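Open the model in your viewer and keep the sequence panel at hand. The tour goes from one selection to the next.

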Amino acid sequence: MSKNPGSACHGCGICCIVPDISTLGKPMWVPCVHLSPERVCTIYEERPAVCRNYLPDSVCDEMASIPTESERIQHYAMAFDVLQPSVTSTKR
Ligand code: SF4
Ligand code: SF4
């Protein structure tokens, strides 16, 4: 994948679910406590630098056309080579 200035965030929220974010005490595969059920950041204006600095990339572009959240999670995990737990559904 690559950081592409032309890539846009389509609000899937997967980057707020799969990676660990130590600044937030967020473990891998656990949705951020600030992510709403609609997959919106509830502290968007105050979100930490690690979130502000995360830029959409080609993986985001690819995921835009993937219809389900579980498939998008799978695609993200494969793209970033993140080991997936046996329970894959993180829907709250
Ligand atoms: S994974 Fe990409 S498209 Fe999805 S919310 Fe994060 S930045 Fe946006
Ligand atoms: S603080 Fe907001 S942008 Fe950062 S991981 Fe949580 S929900 Fe996502």
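**Start at C32**

Select C32 and show what lies around it: C32 counts as buried because it has 20 C-beta neighbours inside 10 Å, and a residue with 20 or more is classed as buried. The coordinates belong to a predicted model.

Leaving out residues up to four places away in sequence, C32 touches C16, I21, L24 and K26. Now pick P19 as well and draw a C-alpha to C-alpha distance from C32: the two are 9.6 Å apart in space and 13 residues apart in sequence.

**Ligand 2**

Which residues surround ligand 2? The shell consists of C16, I21, L24, C32, H34, L35, C41, I43, R47 and C51. Colour the shell by residue class to see eight nonpolar residues, one polar and one charged.

**Ligand 1**

Move to ligand 1 and select the residues around it: C9, H10, G11, C12, G13, I14, C15, P56 and C60. How does the shell around ligand 1 divide into nonpolar, polar and charged residues? Six are nonpolar, three are polar and none is charged.

**Helix α3**

Select residues 69-79, which form α3. The buried residues of this helix are R72, I73 and Y76. Look down the axis of α3: the buried residues fall within an arc of 100°, so they line one face of the helix. Then select E71 and M78, which are exposed and lie on the face of α3 turned away from its buried side.

To see what covers the buried residues of α3, show residues 58-63; this helix, α2, is part of the cover. Step past the end of α3 to D81, where phi is positive, near 55°.

**The whole chain**

Zoom out and switch to a cartoon view. The chain has three helices and zero strands, and its elements run α-α-α from the N terminus on. Colour by burial: 14% of the 92 residues count as buried. Finally, display the contacts in the chain with a separation of 6 or more; 58% of them are between residues 24 or more positions apart.

Terms used. Residues numbered from 1 in each chain as written. Chains lettered and ligands numbered in written order. Predicted model: local features only at pLDDT ≥ 70, side-chain atom pairs only at ≥ 80, totals over all residues. Helix = DSSP H or I, 4+ residues; strand = E, 2+ residues; numbered from the N terminus. Buried ≥ 20, exposed ≤ 12 C-beta atoms within 10 Å, placed from the backbone. Contact = placed C-beta atoms within 7 Å. Near = placed C-beta within 6 Å. Nonpolar A, V, L, I, M, F, W, Y, C, P; charged D, E, K, R; others polar. Arc of directions from axis to C-beta.
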